[in-house]
Amino acid sequence: MSPRTIIDKIWDAHQVRAESSDTPGILYVDLHLIHEVTTPQAFSELRSRGLKVRCPERVLATLDHSTPTLPADAEGRRPYVTAEARHQVDQLEANCQEFGIELNGWSSEHRGIVHVIGPELGATQPGMTIVCGDSHTATHGAFGALAFGIGTTEVGHVLATQCLLQRKPKSMAIHVEGKLRPGVSAKDLILHIIGRIGVGGGTGHVIEYGGPAIEALSMEERMTVCNMSIEAGARAGLIAPDQVTFDWLQGRPRTPRGADWERAVAAWRTLASDAGARYDNEVHVDASAIGPTISYGTHPGMVTPIAAAIPAARDAQEAKALAYMQFDGGQALTGQKVDVVFVGSCTNSRLSDLRDAAAVMRGRQVADGVRVLIVPGSVLIKREAEAEGLDEIFRAAGAEWREAGCSMCIGMNGDIAQPGQLVVSTSNRNFEGRQGPGVRTVLASPRVAAVAAIAGVITDPDAFQERAA
Amino acid sequence: MKPLNMIRSCTASLPFENIDTDRIIPARFLTTTERAGLGRYAFNDWRYHEDGTDNPDFPLNQADAQGCRILVAGHNFGCGSSREHAPWALLDYGIEAVISSGIADIFRSNALKNGLVTIVIDESEHRALLADPGIELVIDIAEGSISKPDGSAIRFELDRFARHCLLNGVDQLGFLLDADADISAWESRRAANPYSMEKAA
Ligand code: SF4
């Protein structure tokens with residue numbers, strides 16, 4: 001057999017029917033993640049056709065997008081932003097009950113952002129096909145799974161048949177050579193990569209990230225990288241599983257045990273792309289050349305090293321973006337006044353991210369006039385952070401410590417900023433209005449966000465640290 | 001889905017690149033549990049001022065864009081989230097086809113499943129259409145052609161299955177349900193060898 005990429009291997013193994021020029025292939029889905037926003041219409045479709053959920057045990061459900069991140073009151077009432085948001089959550093609870101799906105709901109310690117809890121539970125495993133009505137499903141690719149976002153009609157297809165009609169995407173290899181410098185994070189790396197290939201650079205492709213700088217990343221960091229594949233337009237992004245992956249997964253609630261674990265790991269070791277496997281596209285990146293990186297425009301491809309000046313607009317589109325951001329080309333980004341800092345989202349809400357932010361904020365005070373929201377990715381992460389005393393560090397600094405959820409990443413639950421405010425955010429999208437109408441979003445790592453919270457202006461973390469030392 | 005063969009309409013232009021799904025329908029309108037009625041939120045934050053009045057600068061608010069069912073948009077239209085609310089909102093607003101030089105993957109897949117025709121044409125043809133809003137086009141799905149008022153035509157490729165589904169109003173879920181025997185066979189093979197990466201088909 002000719003050498004295959006990991007993408008080929010997973011695809012081949014899940015093909016129920018191969019594609020032809022007339023019809024797409026039928027691809028089997030191992031794990032289907034669902035949340036309240038992109039599923040109600042799919043369940044209605046099932047109901048109206050009298051269909052059942054084919055494999056309820058392959059569905060993992062949680063509440064994250066429309067859920068309040070402020071706690072319930074003494075009577076247990078939760079502060080939903082609107083009655084409609086509450087109804088959407090109630091609807092998922094009712095749908096899960098009716099169709100026999102286990103829900104990680106309000107009482108579960110695994111409730112949280114859908115892309116955080118899948119790995120946390122060990123439900124996400126190498127070699128799987130994983131889908132969700134959510135474009136950041138690529139996060140799960142960090143484990144060597146083929147994971148991608150689908151629309152609500154397709155959510156219905158998977159609920160009813162556990163399959164999707166798909167044509168095989170193209171493949172792109174991104175080799176990251178060298179080593180990331182100390183203090184430079186996975187977020188800086190992926191922002192840099194999106195800046196390199198552009199927001200449409202991955203369209204039609206699945207990206208495989210590899211090379212020494214990727215192998216050196218922790219699982220949390222790999223999730224941050226794969227998470228933002230969609231921001232380069234890619235269908236999915238993945239990383240071949242290795243010992244780091246297996247060690248992280250072993251003993252999690254849904255991973256196999258004993259002899260089954262050994263069998264699984266043996267199979268997972270065969271996933272890595274074969275030597276000589278062909279990609280439709282290849283890109284090389286030098287990790288050692290990357291510094292702290294942030295966005296300055298209205299899509300995640302408009303990024304720059306934090307210490308550099310804002311690039312001048314190259315066309316009318318970029319001029320429009322700069323006007324929205326109230327930035328001028330040539331101006332320094334550092335020194336721009338910050339109104340809100342958000343540490344959270346499926347990109348950067350894991351324990352290691354919270355530790356990065358806490359390391360900066362420990363013993364310091366949030367600058368006057370800056371509002372800081374720290375939102376853990378899951379109930380479990382919240383507990384772990386509290387066990388380490390991170391919540392105390394954040395509270396003492398003057399930050400708000402919230403309940404798990406998507407929060408200000410998408411602003412569906414009422415966690416938004418005011419028109420014109422500048423938000424330094426560890427999330428993944430800086431689109432106009434993403435964090436509230438007229439809100440200006442700058443994407444950054446947890447470290448850069450925390451430094452901005454303390455300094456009150458965008459600040460180069462390396463310069464900040466030198467000053468502090 | 002109703003069968004669809006021809007679209008004859010004037011065009012409206014949105015000459016901006018990377019129009020993302022948050023622009024097409026902001027996230028705060030996604031708390032609905034229905035798919036109907038989202039047209040009033042299409043392009044909400046662009047189309048209306050903060051006080052709810054129409055923004056006259058929004059291209060689709062201009063007089064000659066009224067009633068146009070073909071949208072010509074800048075490169076990489078529909079990037080961002082997987083929300084199917086985006087094509088639902090456009091269809092409910094009255095758009096039946098989107099023409100661009102590049103359309104984001106998930107948006108395109110969602111759109112076609114709902115009968116919103118997505119057409120990718122080459123850059124020079126695209127530039128000409130973008131710059132000339134208001135002209136009447138005839139999109140022929142079976143032929144894969146767009147006829148212009150001057151009698152010339154632009155050819156486009158549509159995935160054969162997507163075209164077949166549009167022309168015949170095919171229900172894709174029905175197609176998958178019909179594959180039940182194959183799906184069950186795959187499941188039994190898998191159960192016997194759960195982690196295998198051997199070719200399944
Ligand atoms: S955190 Fe943001 S990007 Fe991630 S699933 Fe939630 S809304 Fe989507």
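## A tour of bonds, cavities and pockets

With -110° about the S-S bond, the link between B:C10 and B:C68 is left-handed. That is our starting point, so to speak, in a model that is predicted.

**Stop 1: the disulfide**

A disulfide is a covalent bond between the sulfur atoms of two cysteines. How many disulfides does the structure hold over all chains? The count is 1. Now colour chain B by its helices and strands. B:C10 lies in strand 1 (residues 6-14) of chain B, while B:C68 is in the loop between helix 2 (44-47) and strand 2 (70-73) of chain B, so the pair ties together parts that are 58 residues apart in sequence.

**Stop 2**

**Stop 3: the ligand**

Next, move to chain A and select the ligand. Which residues surround the ligand? Pick them out in groups:

- A:H65, A:I113, A:H115, A:D134 and A:H136 are among them.
- A:S345, A:C346, A:C406 and A:C409 also belong to the surroundings of the ligand.
- A:I410, A:N428 and A:R434 complete the list.

Colour this shell by class and you will see 5 nonpolar, 5 polar and 2 charged residues. Then colour domain 1 (6-166) and domain 3 (293-468) of chain A. Both give residues to the shell around the ligand, so the ligand lies between them.

**Stop 4: the cavities**

Rolling a probe the size of a water molecule over the atoms shows where empty space is left. How many cavities of 30 Å³ or more does the structure hold? There are 4 of them.

Begin with the largest cavity, where the ligand sits. About 200 Å³ of space lies in this cavity. Its lining has 22 residues, and those nearest the centre are A:H65, A:D134, A:H136, A:I410 and A:R434. By class, the lining of the largest cavity has 7 nonpolar, 11 polar and 4 charged residues.

Now go to the second largest cavity, with a volume of about 130 Å³. It is lined by 18 residues, and the closest to its centre are A:I230, A:G233, B:C79, B:G80 and B:A104. Select these five to see names from chain A and chain B side by side in one list. The lining of the second largest cavity divides into 9 nonpolar, 6 polar and 3 charged residues.

**Stop 5: the largest pocket**

Select A:R167, B:D105, B:R108, B:L112 and B:D159. Of the 34 residues that line the largest pocket, these are the closest to its centre. The space in this pocket is about 1,000 Å³. Which elements supply at least two residues each to its lining? They are strand 8 (163-166) of chain A, along with helix 4 (105-113), strand 4 (117-120) and helix 6 (160-168) of chain B. Helix 4 of chain B has the largest share, with 5 residues. The lining counts 12 nonpolar, 11 polar and 11 charged residues.

**Stop 6: the second largest pocket**

For the last stop, select A:V199, A:H299, A:M302, A:E318 and B:N18. They are the closest to the centre of the second largest pocket, out of 34 lining residues. About 580 Å³ of space lies here. Two or more lining residues come from each of helix 6 (186-197), strand 14 (303-305) and helix 11 (316-325) of chain A. Helix 6 of chain A gives the most, with 5 residues. By class, this lining has 12 nonpolar, 13 polar and 9 charged residues.

Note on methods:
Residues are numbered from 1 along each chain as its sequence is written. Chains are lettered from A and ligands numbered from 1 in the order in which they are written. This is a predicted model: local features need pLDDT of at least 70, side-chain atom pairs count only at pLDDT 80 or more; totals for chains, interfaces and linings use all residues. Side-chain values use heavy atoms; hydrogens and water are left out. A residue is near a molecule or strand if one of its heavy atoms lies within 4 Å of it. On a 1 Å grid over the protein atoms alone, a cavity is a set of points where a 1.4 Å probe fits but cannot get out, and a pocket is an open set with protein on both sides within 12 Å along at least five of seven lines; lining residues have an atom within 4 Å of a point. A molecule sits in a cavity or pocket if more than half of its atoms lie within 2 Å of its grid points. Ala, Val, Leu, Ile, Met, Phe, Trp, Tyr, Cys and Pro count as nonpolar, Asp, Glu, Lys and Arg as charged, and the others, Gly among them, as polar. Domain bounds come from an automatic or database domain assignment. Grid points are joined across faces, edges and corners, and a volume is the space filled by probe spheres set on the points. A disulfide is a pair of cysteine sulfur atoms within 2.5 Å. Helices (H or I, at least four residues) and strands (E, at least two) are DSSP runs, numbered from the N terminus.
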